[in-house]
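Subject: Structure handover

Hi,

Here is the structure for your files. My notes follow below it.

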Amino acid sequence: MKIGVDIDGTIKDTHRAAVEVYNEELDQAVRVEEVTDFYLDEAYGLSKKEGKMLWRKLEEKIYSLGLPLPHAAEVLNELEKQGHEIYFITARPGMKNIEKVTRKWLKKNHFPYKENNLIMNSQNKAKIAKEIGIDLFFEDAPFHLDKLVEEEIPTVIVDAVYNRNYPHPLKRIKDWREVYNLIQK
Ligand SMILES: [Mg+2]
């Protein structure tokens with residue numbers, strides 16, 4: 001199978017990384033559990049525009065922090081060993097510095113990353129998934145899930161506080177080790 005894997009919120013706890021970096025930048029002590037929205041703006045009292053600008057300023061730092069999700073690398077390596085192809089498909093912007101930090105992070109955290117299986121700037125993940133011929137997609141963000149569902153790409157939700165009320169009935173994992181059973185089915 002060709003397996004599409006998002007990065008932020010799917011194999012990395014980006015939500016937690018972002019709260020850490022925002023707290024430092026804004027000298028606040030917001031707890032990650034308090035931020036139930038996908039965006040951090042409301043928790044920090046930022047307007048949408050302010051939030052967007054701050055994210056742009058801090059994203060490189062957020063992406064470079066550790067925090068891989070437990071067992072994600074181990075399970076993806078095992079799937080690759082079994083003969084599946086893994087593609088990292090992220091909407092992170094394709095700027096040089098962001099791409100560099102993303103590649104470095106994947107390597108450092110021992111993901112099955114091989115130069116040509118990272119697709120940056122994937123705003124429309126369903127389109128990319130179709131082009132590659134993805135058989136199964138792992139994603140956390142409601143906005144991207146909508147498109148994947150619309151285009152009928154078989155998709156699994158990686159559980160997060162901000163997607164618990166996602167209206168479409170998709171398979172959901174809370175731990176990457178659940179993927180073995182799911183793939184056998
Ligand atoms: Mg994501």
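The buried residues of α2 are E59, I62 and Y63. Buried means 20 or more other C-beta atoms within 10 Å of the residue's own, exposed means 12 or fewer, and partly exposed is in between, with C-beta atoms placed from the backbone. Those buried residues pack against α1 (14-26) and α4 (96-108).

This is a predicted model: local features need pLDDT of at least 70, side-chain atom pairs count only at pLDDT 80 or more, and totals for chains, interfaces and linings use all residues. Residues are numbered from 1 along each chain as its sequence is written.

Helices (H or I, at least four residues) and strands (E, at least two) are DSSP runs, numbered from the N terminus. Helix α2 covers residues 48-64, 17 residues in total. The expected span is 1.5 Å times one less than the number of residues. That gives 24 Å for α2, and its end C-alpha atoms are 24 Å apart, so the two agree. α2 also has a kink of about 55°, centred on L58. The bend at a residue is the angle between axes fitted to the seven residues ending there and the seven starting there.

On to the loop between α6 (142-150) and β5 (155-158): E152 is found there. E152 is exposed because its count is 9 other C-beta atoms within 10 Å. A126 lies 26 residues from E152 in sequence, and 8.4 Å from E152 in space, C-alpha to C-alpha.

Best wishes

Note on methods. Two residues are in contact if their C-beta atoms, placed from the backbone, lie within 7 Å.
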